[in-house]
Amino acid sequence: MNTTSPVRRLSEDTRADLLVALVVVFALALGWVYKSSLATRTTRAADPNSQFSLAIPSHWLTHESDSEDTFLVAENPNADSVYKSAVTGQSFLLDPQSPTALDTLTDGLILRHGEELTGYHLLDIQSRMIGGAEARVVEYAYVVQPIDQPFRASMPVVVRAFEYLIYTPTEYWLLTFTADERLVEKEREGFERMIGSIQLP
């Protein structure tokens, strides 16, 4: 009568366990690489009037806008909030004979936000060069009610916004990035990648 020795059986079981573990680790690594490739894949969005463009993540959803000045409305469907992180792009022509100054445009934006947004609070204004053009970055916060329906358990959300006013003497572009305040640190890196991808006409 043949019996397998306990040592040999243990060795075979260990090899089988190691093989299973290796397959699981390989599958997880493959899944992580695939997920990372999806997260880093981008699509270029352009202003058809000026050819100003930037790269947005391919998994972001884009929406049509009724405004002639708005060339981009996109949101991150994977954002872990009822308020989805978003970017809006607008372009405006300036009077070539008497262009409005950058600081005047910035002051106008701040005034408009104070009149239109609930709980508006200005956080910071910075000067910056973007794509070789002078720009202002306005950071602010406000409050929204993403699901405004009776008897729905949805609390108001504090939104942080980063508005980039990119200026030339003939036209300027306004990029507005917004996110749930709780997700800002996670989303900010992606916002900066989009800014870094900007190509001016």
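**Notebook: pocket, sheet and cores**

I started with the second largest pocket and sorted its lining by class: seven nonpolar, six polar and three charged residues. My classes: Ala, Val, Leu, Ile, Met, Phe, Trp, Tyr, Cys and Pro are nonpolar, Asp, Glu, Lys and Arg are charged, and the others, Gly among them, are polar. The model is predicted, so local features need pLDDT of at least 70 and side-chain atom pairs count only at pLDDT 80 or more, while totals for chains, interfaces and linings use all residues. Residues are numbered from 1 along each chain as its sequence is written, and side-chain values use heavy atoms, with hydrogens and water left out.

**Entry 1: the pocket**

I looked up the volume of the second largest pocket and got about 220 Å³. A pocket here is an open set of points on a 1 Å grid over the protein atoms alone, where a 1.4 Å probe fits, with protein on both sides within 12 Å along at least five of seven lines. Lining residues have an atom within 4 Å of a point. The volume is the space filled by probe spheres set on the points, which are joined across faces, edges and corners.

Which residues lie nearest the centre of the second largest pocket? I found Thr88, Gln90, Tyr140, Glu163 and Thr176, out of 16 lining residues. Strand β5 gives the most to this lining, with four residues. β5, α2 (102–116), β7 (133–144) and β9 each supply at least two.

**Entry 2: the chain and its sheet**

I counted three helices and nine strands in the protein chain. These are DSSP runs numbered from the N terminus: helices are H or I with at least four residues, strands are E with at least two. Along the sequence the pattern reads α-β-β-β-β-β-α-β-β-β-β-α.

Seven strands form an open antiparallel sheet, in the order β3-β4-β5-β9-β8-β7-β6. Strands count as paired if DSSP finds at least two bridges between them. At the edges sit β3 (61–62) and β6 (121–130), each pairing on one side only.

I then went through the pairs.

- β4 (residues 70–75) and β5 (residues 86–93) share five bridges, and Ala74 stands opposite Val87 in β5.
- β5 and β9 (residues 171–180) share eight bridges, and Phe92 has Tyr172 as its partner in β9.
- β7 and β8 are joined by eleven bridges.
- β6 and β7 are joined by nine bridges, and their hairpin has two residues between the strands, with Gly131 at a positive phi near 60°.

**Entry 3: burial and cores**

I checked burial next, taking buried as under 20% relative accessible area with a 1.4 Å probe, protein chains only. Buried residues make up 37% of the 201 residues in the protein chain. Ten of the twelve residues of β7 are buried, so β7 is largely enclosed by the rest of the structure.

Which members of the largest nonpolar core touch the most other members? Of its 25 residues, I found Leu54, Ile166 and Leu175. β2 (53–57), β4, β7, β8 (157–167), β9 and α3 (184–196) each supply at least two residues of this core. A second, separate core of ten residues includes Tyr83, Tyr120, Val144 and Val159. A nonpolar core is a set of buried Ala, Val, Leu, Ile, Met, Phe, Trp, Tyr and Cys residues joined through side-chain atoms within 4.5 Å.

I listed contacts (heavy atoms within 4.5 Å) for Leu54, leaving aside neighbours within four places in sequence; among them are Phe71, Leu72, Leu175, Met194 and Ile198.

Conventions: Buried means under 20% relative accessible area, exposed over 50%, partly exposed in between (1.4 Å probe, protein chains only).
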